[in-house]
Amino acid sequence: MTIGIGVLCATYAGPHLGGADPRPDAVVLIADTMLSNETDSTKGFKIFSEPALGIYGIAAGSMDTAASVFGAISADVRASGIGATHGLVYSRLHQVVHGYRTTRFTADVLQAEFMFIGQPSLEDRQEIHRRWQQYDMQTEMILAAFPASGSAILYSVNLCGVGSGPFVHSRLMPGHWSIGTGAYNASLWLNYRRQHLGMTVRQSALHAFEASNFAASAPTVNRDPEMVIATRQGCFSMHGDYASPDSPISLRELRRLAIAYGPRKTNRLGFPMPSNPQKSEDQP
């Protein structure tokens, strides 16, 4: 029960200005800090970071499952490397997630309910297939990765029993994704802001912060977020009044900017654009 938002963005205006890597080359991750179950709630962090490996994540739903999945991904990357391209990263993520789901399904369903002597009947095989499709691990995740070459990449992981389709999806387009009970509201706000993967880190951070606040109308989302801004070189984290040294922005500044800009355009925070003397850049 949460809101988690991942936004791809850029640290420079474009390749023609001499950037070393293709855009997007940065990612903003933000999540609320409310952990809830059927009877209780408490404060906790939902963003996973492995800066040395170039992988980051946000979880919604079961934190235990999410921690196990992220741990399995981290172990695989530590052993084999992140991979050089989006295709290799996607394939590796899918293999790890599928393997973890298979292991859990075997323990939770097959070994618990279908202990066979010999081969299962046709009816049993059909029932197992149906249970596999509907197997709900009550977990959603957003994953960000920085391959050995290329731009930052954003993925979503769905382990909520929605059928037999892929568990891992690329979210390079439109370059942002939201999970949790407030996901619909957050996506509405990011679309209203016309968020895209070529926006600056500061502008993208503000849009993600606003979207998190907009999503906080859901009863299981609080207004006390944590944020991570990551590039290939490392990451900056912030929560409450704390921000990592040299962070490009802080939550305190984001709160001020959210009040200053309100629903107005945020072009002043973006890369320089040719001015139009007939129209103010902040005019709707």
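Contact here means heavy atoms within 4.5 Å, and helices (H or I, at least four residues) and strands (E, at least two) are DSSP runs numbered from the N terminus. On those terms, R202, A205, L206, F209 and E210 in α5 meet L251, E253, L254, R255, L257, A258 and Y261 in α6. This is a predicted model, in which local features need pLDDT of at least 70 and side-chain atom pairs count only at pLDDT 80 or more, whereas totals for chains, interfaces and linings use all residues. Residues are numbered from 1 along each chain as its sequence is written, and side-chain values use heavy atoms, with hydrogens and water left out.

**Sheets**

- An open sheet of 5 strands runs in the order β5-β6-β7-β8-β9 with antiparallel pairing, where two strands pair if DSSP finds at least two bridges between them.
- β5 (47–50) and β9 (168–170) are the edge strands of this sheet, each with a single partner strand, so one side of each is left without a neighbour in the sheet.
- From one strand to the next, the twist of this sheet averages 20°.
- Within the sheet, strand β7 (residues 139–145) pairs with strand β8 (residues 153–158) in the antiparallel sense over 6 bridges, and M141 has V157 in β8 as its bridge partner.
- Helix α1 (residues 63–80) lies across β5, β6 (55–61) and β7 and runs at about 160° to β6; angles run from 0 to 180 degrees between N-to-C directions, and axes are lines fitted to C-alpha atoms, for helices over the stretch in contact.
- A further open sheet has 6 strands in the order β10-β1-β2-β11-β12-β13, also with antiparallel pairing.
- In that sheet β10 and β13 (242–243) stand at the edges, and each has a single partner strand, so one side of each is left without a neighbour in the sheet.
- Strand β1 (residues 3–9) is joined to β10 by 5 bridges, the two running antiparallel, and the bridge partner of I5 in β10 is S178.
- Helix α5 packs on this sheet, where it touches β1, β2 and β11 (226–231), and its direction makes about 160° with that of β1.

**Helix packing**

- The axes of α1 and α2 come within 10 Å and cross at roughly 135°, which makes α1 oblique to α2; angles under 35 degrees count as roughly parallel, over 145 as roughly antiparallel, 65 to 115 as roughly perpendicular and the rest as oblique.
- α1 passes α2 in a right-handed crossing, a crossing being left-handed if the near helix is turned anticlockwise from the far one by less than a right angle, and right-handed if clockwise.
- In this contact T65, S68, V69, A72, I73, D76 and S80 of α1 meet R92, L93, V96, V97, Y100 and R104 of α2.
- By class, the contact of α1 with α2 has 7 nonpolar, 3 polar and 3 charged residues, with Ala, Val, Leu, Ile, Met, Phe, Trp, Tyr, Cys and Pro counted as nonpolar, Asp, Glu, Lys and Arg as charged, and the others, Gly among them, as polar.
- Helix α2 (residues 86–113) also packs with helix α3 (residues 122–134), their axes coming within 11 Å and crossing at roughly 130°, which makes α2 oblique to α3.
- The crossing of α2 past α3 is right-handed.
- From α2, the residues H98, R101, T102, F105, V109, L110 and E113 meet I128, R131, W132 and Q133 in α3, and the residues of this contact divide into 5 nonpolar, 3 polar and 3 charged.
- Helix α5 (residues 201–215) and helix α6 (residues 251–261) have axes 10 Å apart and pack at an angle of about 80°, which makes α5 roughly perpendicular to α6.
- The residues of the contact of α5 with α6 divide into 8 nonpolar, no polar and 4 charged.

**Salt bridges**

- The structure holds 12 salt bridges, each defined as a side-chain nitrogen of Lys or Arg within 4 Å of a carboxyl oxygen of Asp or Glu.
- K46 forms a salt bridge with D32, the closest N and O atoms being 2.8 Å apart.
- K46 lies in the loop between β4 (41–43) and β5, and D32 in the loop between β2 (26–31) and β3 (34–36), so the pair ties together parts that are 14 residues apart in sequence.

**Backbone features**

- The peptide bond from M173 to P174 is cis, with omega near 10°, and P174 is placed in the loop between β9 and β10 (176–180).
- Q138, found in the loop between α3 and β7, has phi near 55°, a positive value in a residue other than glycine.
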